[in-house]
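This report covers strand pairing and the ligand surroundings in one model. The sequence and the structure come first.

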Amino acid sequence: MRGARLGLGRESCPLEPRVARSPLGSDAGEHLPNASRRAGFVKAIGTHIIPLLQQDPRLRQSRPAGSSSRRKELLIEPHLMALTDTSPSCYWLDRPERPTPQPALEGLEETDLVVVGGGFTGLWAALQAVEIDPTRDVVLLEAKSVAEGASGRNGGFADTSITHGLHNGLSHFPKEIETLVQLGLDNYRELLASLKRHEIEADVEENGTLWVATAPYQIEDLREQVADLQRFGIAVERLDRDAIRAQVDSPTYLAAAWLRRAAIVDPARLCWGLRDVILRLGVRIYEGCPVERIAPAGAGIELRCASGRVHARKAVLATNAFRSPLPRMRRASIPVWDYALMTEPLSEAQLGSVGWRDRQSITDGANQFHYYRLTRDNRILWGGYDAIYHYGSRTDDRLQQRPESFAGLSRRFFDTFPQLEGLRFSHQWGGPISTTTRFCMEVGTAHERRVSWAIGYTGQGVVAARFGARLALDLLDRPKAPHLALDFVRKRAFPWPPEPLRSIGVRLTQRALARADANEGRRGLWLRTLDSLGLGFDS
Ligand SMILES: Cc1cc2nc3c(=O)[nH]c(=O)nc-3n(C[C@H](O)[C@H](O)[C@H](O)COP(=O)(O)OP(=O)(O)OC[C@H]3O[C@@H](n4cnc5c(N)ncnc54)[C@H](O)[C@@H]3O)c2cc1C
């Protein structure tokens with residue numbers, strides 16, 4: 001059973017599917033013999049097609065004879081045509097309302113609390129810190145700009161779980177799971193209440209989430225997931241094939257479960273809203289300030305970036321998948337890259353052909369799964385499937401683009417919604433997901449509790465990050481708080497091994513998950529071994 005997949009459970013995150021494929025991936029290459037049947041001619045000078053051509057000789061051969069100018073006429077498949085005008089940028093961040101960054105830090109700052117990282121964890125840490133104690137002076141340092149990390153570039157699925165799904169929580173913390181479910185529900189409610197209280201407009205739509213079975217073996221998985229959720233009093237409804245297709249019409253759907261308590265948000269607006277609130281409450285934000293060094297100084301802690309330094313009594317590190325200045329954080333999490341597409345807004349007729357009147361978020365039930373949702377203006381965000389790890393835990397910006405992942409996403413989008421053929425994608429992007437070996441958050445302290453940290457939400461941090469931030473603050477301020485005694489807080493996840501074992505392990509797992517998907521979900525020896533060690537997705 002694959003319970004951690006519940007919600008946006010990305011237990012498949014670290015796992016790049018790699019069954020033998022061309023450099024372009026099967027998505028662009030394997031259908032070429034049929035190209036003349038389905039394809040049209042396009043003027044392909046877009047940012048997407050050129051990189052694809054550079055990689056796959058077979059696509060180059062598909063050029064009609066005699067085309068020689070720089071603007072070649074290309075024979076190309078519809079799912080690639082849909083990508084020809086796509087902007088290589090994140091839709092959420094690529095909007096005029098994006099705030100002008102705050103200036104970088106210059107010289108020396110003194111403060112009570114310094115927060116490193118301007119994503120959900122850092123922003124919620126700063127907000128909760130001043131809400132708990134309005135007299136506390138807080139500084140936030142961000143390497144790039146607020147929301148530029150995973151928080152501004154995700155699917156915006158807002159789920160109640162703090163354990164990356166019920167099943168993942170059950171397998172790692174069976175004795176504490178009831179408490180953890182309740183803490184998650186409380187955190188979700190408090191997050192929504194906080195948005196209301198501070199009048200943050202983040203386009204919240206609370207319509208639940210659908211988990212759809214797209215292969216027969218997934219129907220049984222769904223049954224088990226629903227039974228587990230009901231055991232914990234979580235509202236969920238089963239839908240048979242006709243019922244799910246009456247909701248959202250895809251020929252790939254065989255059954256579904258509709259988890260009622262879940263929302264979608266506009267993630268960048270949520271970050272920018274939090275940013276405005278904390279600025280109003282007196283938090284000083286410095287952007288363009290990568291913290292390079294952190295060390296004890298007197299009774300406090302000193303953080304250095306290129307243009308200045310901060311002396312603080314305490315620090316919260318919220319650096320997620322990016323390289324932390326603290327070595328122990330670097331062993332706790334690896335960055336796994338996830339990619340997404342955004343369509344143009346659907347016309348009424350296009351949306352009508354799909355249905356989707358209840359506007360739920362959706363994920364499918366494979367190990368390599370897709371997640372998708374509507375936006376306020378009726379675009380479809382479509383992401384997932386590939387989950388790519390780069391040797392050495394790289395997180396550089398150029399990894400945000402991966403043509404072969406976009407080609408695959410596009411092909412499977414039109415497999416899911418063939419009635420939308422002709423729709424085009426406006427944006428394509430990727431982002432790093434901080435993944436621990438237990439596939440849910442890890443918190444900790446360093447430098448005699450002057451520093452705390454919270455990272456590793458895997459694919460489920462939009463809501464859980466608020467709880468991680470709260471734990472990080474409590475570790476500094478209230479070390480005797482009862483919830484800090486939970487194993488969930490105290491126990492470290494098994495550390496990721498160093499390279500090259502790290503890459504080898506991830507790659508083996510990726511291949512094993514791809515094989516399981518192709519083999520009716522049956523988990524082979526490698527996955528079963530990981531499961532038995534408590535390191536397995538879906539264990
Ligand atoms: C493509 C994608 C889709 C996802 N979809 C979902 C979803 O639908 N639902 C869900 O719940 N979760 C989803 N996630 C996961 C979710 O986005 C993250 O768990 C969450 O945003 C983590 O927030 P964070 O603040 O910890 O990290 P981030 O948002 O990554 O913030 C970390 C910040 O720290 C800064 N930083 C790093 N190092 C330093 C330094 N040395 N000095 C100063 N600043 C530094 C970075 O620049 C960055 O801004 C998705 C993630 C991705 C990438």
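Strand 12 and strand 13 (residues 308–317) run antiparallel and are joined by 5 bridges. Strands here are DSSP E runs of at least two residues and helices are H or I runs of at least four, numbered from the N terminus; two strands pair if DSSP finds at least two bridges between them. The model is predicted: local features need pLDDT of at least 70, side-chain atom pairs count only at pLDDT 80 or more, and totals for chains, interfaces and linings use all residues. Residue numbers start from 1 along each chain as its sequence is written.

Leucine 303 stands opposite valine 310 in strand 13, and the hairpin between strand 12 and strand 13 passes through 2 residues. On its other pairing, strand 12 is antiparallel to strand 11 (residues 291–297), with 6 bridges between them. Valine 291 has cysteine 305 of strand 12 as its bridge partner. Strand 11 and strand 12 also form a hairpin, with 2 residues between them, and glycine 298 in that turn has a positive phi of about 60 degrees.

In a regular strand the side chains alternate between the two faces of the sheet.

The bridge counts are tabulated below.

| Strand pair | Direction | Bridges |
|---|---|---|
| Strand 11, strand 12 | antiparallel | 6 bridges |
| Strand 12, strand 13 | antiparallel | 5 bridges |
| Strand 6, strand 15 | parallel | 4 bridges |

An open sheet of 8 strands has the order 7-8-6-15-16-17-14-18, with mixed pairing. Strand 7 (236–239) and strand 18 are the edge strands, each pairing on one side only. From one strand to the next, the twist averages 20 degrees.

The ligand is surrounded by 42 residues, of which the closest are Gly119, Gly149, Gly155, Gly431 and Gly461; a residue counts as near if its C-beta atom, placed from the backbone, lies within 6 Å. Helix 6 (120–132), strand 5 (157–159), strand 14 (334–343) and strand 18 (425–435) each supply at least two residues of this shell.

Terms used: Axes are lines fitted to C-alpha atoms, for helices over the stretch in contact, and angles run from 0 to 180 degrees between N-to-C directions.
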